[in-house]
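Hi there,

Here is the structure I promised to pass on to you. Have a look at it first, and then read on for what turned up in it.

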Amino acid sequence: MGRTARRAEQQRTASAPGATPEAVPPQPAAQRRLYVSVTWKLALAQTVALGWLGVSIWLSLPWVDDLASAVGIVPAVLVVSLVAYLPGWLVAFLAASLLLDRQPPVRASHPTVPVTVLIAARNEAERIEETIAYIASQDYQGPVSVLVADNGSTDGTRAIAEAFGAASGLDVRCIVEPRPGKSHALNTGLAAVRTELVITLDADTLLHPRAIRQLVARLLSSPADVKAVAGSVLVRNSRDSLWTRMQEWDYFLGIASVKRMQGLYQGTLVAQGAFSLYRTQAVLAAGGWPDAIGEDIVLTWQLMRQGARVYYEPSAVAFTVAPTRLGHFARQRARWARGMIEGLRSVKPWDQPLWLLRFLTGIDLLIPALDVAYALVWLPGLALAATGRFWIVGPYTVAVLPLTLLVNAILYRYQRRRVFNLLGLRVRRNTVGFVAFVLTYQMLMSPVSVAGYVQELLGLRRRWK
């Protein structure tokens with residue numbers, strides 16, 4: 001298998017937040033549960049969230065009066081709504097949804113349907129062999145082929161991939177797409193896919209040995225209108241810097257909690273290109289990946305506009321390389337913010353055919369306003385609070401923190417018991433990263449996201465690196 005493949009076999013469960021191999025405990029027999037429809041779950045979660053909102057409004061009346069004495073009643077209500085009411089409602093809705101989430105078991109735990117793993121790669125000579133080695137180590141019982149779409153590499157990426165495929169016995173094909181841009185590479189690769197199912201995988205992303213099996217099993221156990229399943233992506237290099245330590249918790253708790261909530265309501269809004277499974281014909285019918293900075297976001301929304309649903313499988317785990325420096329992190333998250341605006345522009349929330357999708361994509365309309373309020377109102381309010389002026393940031397805004405900790409606790413318990421234990425992984429300690437994530441992460445994210453919104457609205461040049 002080669003030195004890299006052996007290293008992959010030894011390290012394949014080294015993950016973020018710090019996974020180490022453990023014996024997989026026997027799974028308990030399935031128990032019959034009271035069935036609650038998705039509609040009722042949404043209604044229950046909204047009832048909890050609106051109840052929290054009502055209590056928040058009642059408790060915050062003195063705060064609104066104090067702020068109104070300084071800026072007037074209308075600006076005061078607007079500010080408090082953006083920095084307290086709406087964030088509190090969203091977090092309460094998220095917490096209630098996570099508590100109600102009960103993912104159904106898969107019907108076929110060992111599928112054998114042929115699958116193609118499509119990797120768009122540009123100058124990935126240092127990583128491509130290891131990525132393919134992890135694919136070769138999968139426990140999937142069906143045929144797995146790898147298709148590398150070389151996007152004009154100049155470092156021998158294609159030769160390394162082909163040589164490893166020949167040595168390992170894995171079916172590895174390489175095609176060349178000279179036009180720069182990930183969407184071009186993916187679409188050229190898509191045209192060469194010969195299987196009903198295709199998985200997209202980033203060239204720096206490593207798969208857990210069960211990843212493909214869990215992902216395909218979820219899709220094949222889903223209704224026919226489910227055309228894609230997003231996998232769970234975690235950080236593999238969390239020990240590199242403080243920034244990766246924080247991102248470790250963002251992927252493990254923040255991103256995963258949002259995806260679980262969206263998956264509960266059958267509308268995961270991003271089947272991320274880093275690791276997701278698609279029905280090949282559905283992607284072709286949607287026109288493939290668009291030439292956009294958030295090509296995976298826009299494709300997902302186009303699939304949903306055609307009536308498709310997108311699920312999320314938390315136990316299909318892949319490990320990616322997170323930016324180690326603040327500048328790279330900021331550019332990545334600004335791209336993500338731009339991608340969300342591209343999605344909103346391509347498919348308006350009210351144009352989605354399913355009402356659950358209209359609701360979920362409608363929430364995305366609020367996110368830019370909340371980010372702007374946080375960056376331009378809350379952060380200055382924090383500076384005022386340091387001088388003893390609690391007009392904007394005070395005891396009432398801090399009330400959202402316990403809710404945030406509750407969401408993190410709910411998801412941490414789920415991730416540890418239902419995902420990591422299932423996969424034979426262990427959560428390693430990262431206290432510094434967690435404290436920084438809870439207390440300071442949003443202070444970084446909102447200004448960076450606002451910068452991305454401005455870049456997109458002004459049509460500035462795209463920058464991937």
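Let's begin with Tyr412, which is partly exposed, with a relative accessible area of 29%. Please keep in mind that this is a predicted model.

Tyr412 belongs to a group of rings: ring pairs link Trp249, Phe252, Tyr412, Phe420 and Phe434 into a cluster. In total, the structure holds 13 aromatic pairs. One of them joins Trp249 and Phe252, whose ring centres are 5.7 Å apart; their planes meet at 75°, and since an angle over 60 degrees counts as edge-to-face, so does this pair.

The cut-off behind both calls is under 20%.

Now back to Tyr412. Its ring also pairs with that of Trp249: the centres are 6.3 Å apart and the planes are at 35°, so this pair is tilted. Trp249 lies in helix 9 while Tyr412 lies in helix 15 (residues 400-423), so the pair ties together parts that are 163 residues apart in sequence.

One last thing to look for in the viewer: Arg260 lies over the face of Tyr414, at 3.7 Å from the ring centre.

Enjoy exploring, and write back with any questions!

Best wishes

How values were computed:
Residues numbered from 1 in each chain as written. Predicted model: local features only at pLDDT ≥ 70, side-chain atom pairs only at ≥ 80, totals over all residues. Heavy atoms only, no water. Phe/Tyr/Trp six-rings, centres within 6.5 Å; stacked < 30°, edge-to-face > 60°. Helix = DSSP H or I, 4+ residues; strand = E, 2+ residues; numbered from the N terminus. Buried < 20%, exposed > 50% of the residue type's maximum accessible area, 1.4 Å probe, protein only. Lys NZ or Arg CZ within 6 Å of the ring centre and 35° of its normal.
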